[in-house]
Structures are given as C-alpha cells and as structure tokens.
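Look it over before reading on.

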Amino acid sequence: MAAIPRVMKAVQLLGHGGLDQLVHRDVPTPVPAPGEVLIDVHACGMNNTDVWVREGAYGTETDPGSVSTWRRGRSTLTFPRIQGTDSVGEIVAVGDGVSEDRVGQRVMVDFSIYNRPEGDDSLADIDYIGHGRDGGYAEYQVVPAENAHEVAADISDAELATFCCAYLTAEQMLERAQLGAGERVLVTGASGGVGSAILQLARVRGAIPYAVSSAGKEQALLDIGAEAVILRDAGDLVAEVERVVDGPVDVVADLVAGPMFNDLLRILRPEGRYTTAGAIGGAVVQLDLRTMYLKQLQLHGSSQGTRTDFRRIVGYIESGSVRPLLDRTYRLSEFHAAQRAFMHKTYIGKLVVVPDRHWDTVGAPHVAP
C-alpha cells in the first residue's frame, strides 16, 4: 500500500456565498483519532444540501430569507469546511481501538452523525459528515469506524457513491409515510437523486410509483420503475394526475413544493400521507388548512435516515434490488463545473466527484461533457 502523504487536495468551503467560496487547495491529511478510520476517497456523490449550506439558504423559523445553515439556530458548521456526504473508498489506516483487519476494506460511509446510542433511532439530534465535521470532497477523510460500512457489490466506486444520501433520505421518507404494497405514490422531482431513489425503493416495497418531472426524461423514469410520468408543466396538475393515475393517490413524496404544494394535498385521497425532504421549487408555501383537516391528511417532514434505514439500503445494494443511476463524473479539481451542472438539474440520477489521483481508474468511464 502506498505511503499516506502529509498533504492532500481538498475542496474547502470558506463561507456562505457563491461558487467563489469553494476552493480546491492543499490541506493537511487528517489522522484518525481513537475509534476512527482513514479512508482513501475514491468517489463522492453530490447533493442539494451542499448547495443550500454554501448559500446559507435554510433561513430561520422567524425569517425564511435570512442566511442560515442546516440545523437552524444550533449549527455545528465552522469554516473552512470540507463538504461531501456520499463517500466511497478504501480504509488505509485506523486509530486506536480499531482492528487492523479493517485496512484494505472497500467502504461506503454512513454520513449521519446520530448523537444517540445504538438502538435509539430518534433523529432529533441528527447532524452529518460534511457539515458537523469534514466530508468526502477530498483525497482522504476520517470518519468514526462505525460509519464506514464494507459493501460487497459488483459495481464501480463511482456507482456506489450514488446511493448513500439520496437513498437513505428516500427510505426514511417512505418509512415515515408507511408506504405499503399496492399503494400508489406520486413522486415530484423524480429525476433527481432522491426522487429516482424513491421510484426504485417504492417498487422494492411493492408499491406503484408515479413520477412528476420535466419533458425529455419520461423514458428514463419508466426504465427505473415509474408506472407513468406526469409532466409538471402540463397545466392543471390535479386534472392530469386524475387522468393518468389508475386509482387514488395514497402518498405524495414531494421534493419540489413551491407553487404546486397545495395541489399536491388536493391530489391525495382522504387520510392520505404527504412526506417531504426538500423544496427545490420554493420552501415557503401556501397551505389551505381546510384541505388538510377536512381530508384528515398526515404531513411528514424528513431529513436523512436511521441506522436501520442505512443497513436496509446496503442490503438492497448487495442484493441488486436497486441499481445505481450515475449520470456523469467530474474531477475534484473541476468542482465548480460539477456544482454548476448539479444546479442546472438536466441530468437523471446522480453526479459524482472523483479525486484527480483516481480519475483514470474511477472517473474516466463517465467523462463529463
């Protein structure tokens, strides 16, 4: 095994603001503390929270437009910070108390910092790697040993890096909504990382997913499990769903919100369930409470997932029950271009960043245009 350098390349977030706040530079290679492992990062997936944290777009409960990071008012974010939640790589060193047998393992990182003991699945105090501590947009990363999970799956490292945040978030959304076999679920933002994960995970549960997306993505969404696709700019969304969906909508899994929010509640059957983990179309929405209480709806907010959810996702990956949706890869040194492409939302599935030193073996098969 190659010697571990004292200095590595990483992308650091220097503060809230534009892309200029993200700098690709030399930083000291981290050293694993007791109970930690050092990972040679091979790939790291991109997520909406990277952008929202950079922009400080989370607001506060009293001022939605104020600059604030994730965890509103109780943030653990300090600058500079290396973001990146979806790390995949090889353990190359361990801290005290961790077996040397772990060196050489190919691992996927559970990015959640649970702040609760094993067996307690409460997410009340949740934080995440890439926010409360440095993440995977770097050549090396240290994480608690319990967060590094060996994964035996016949897929590439870049493909494995498409799963963690999106699928963990999606699984928790469906868990909170208690989506069951035979039920119909309407998925907004269906072509993105979490939306496309919901389509696949709904099928794993025996449910019937319907996708809401933009034109040009229909066949790709049908290929990954959508029963049908409703175009979000079709005009009357409620009427279009009634025309396309064969029966009542039991669950809405919404990642868009914005102006369509109240229509989504109208679409739900009486005693239906609404679940959300994002609001790329607008976080501040109009709600007619009469729609909610007269239809006796349940509304669920969700962020990340539990240890149990994560282990279930690993099982799905290893059994082939879900498949990776890797749209393209970018070199770590091209991070600005990668995040611009991510924000444009013209892809299906996930974008992944690969450290330049691993480009020939991990990134080259999916060269970004």
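**Questions on the model**

Q: Which residue meets Arg307 in a salt bridge, side chain to side chain?
A: A salt bridge needs a side-chain nitrogen of Lys or Arg within 4 Å of a carboxyl oxygen of Asp or Glu. Here the N to O distance is 3.6 Å. The partner of Arg307 is Glu118.

Q: What ground rules apply here?
A: This is a predicted model, where local features need pLDDT of at least 70, side-chain atom pairs count only at pLDDT 80 or more, and totals for chains, interfaces and linings use all residues. Residues are numbered from 1 along each chain as its sequence is written, and side-chain values use heavy atoms, with hydrogens and water left out.

Q: How many salt bridges are there by this rule?
A: Side chains of opposite charge can pair when their charged atoms come close. By the rule above, the count is 23.

Q: At roughly what angle do the axes of helix α3 and helix α9 cross?
A: Helices (H or I, at least four residues) and strands (E, at least two) are DSSP runs, numbered from the N terminus. Axes are lines fitted to C-alpha atoms, for helices over the stretch in contact, and angles run from 0 to 180 degrees between N-to-C directions. Helix α3 spans residues 164-177 and helix α9 residues 307-319; their axes come within 9 Å. They cross at roughly 115 degrees.

Q: Which residues in α9 does α3 meet?
A: Contact means heavy atoms within 4.5 Å. From α3 come Cys164, Tyr167, Leu168, Glu171, Gln172 and Glu175. In α9 they meet Asp309, Phe310, Arg312, Ile313 and Tyr316.

Q: Which residues does Leu123 touch, not counting residues up to four places away in sequence?
A: Leu123 sits in the loop between β7 and β8. Leu123 and Arg184 are 27 Å apart in space, C-alpha to C-alpha. The residues that Leu123 touches are Tyr114, Gln172, Ser303, Gly305 and Thr306.

Q: Which peptide bond is cis, with omega near -5 degrees?
A: Most residues other than glycine have a negative phi, and most peptide bonds are trans. Pro80 lies in the loop between α1 (48-55) and β4 (81-82). The cis bond runs from Phe79 to Pro80.

Q: What is phi of Gln178 near?
A: Gln178 lies in the loop between α3 and β11 (184-188). Its phi is positive, in a residue other than glycine. The value is near 55 degrees.
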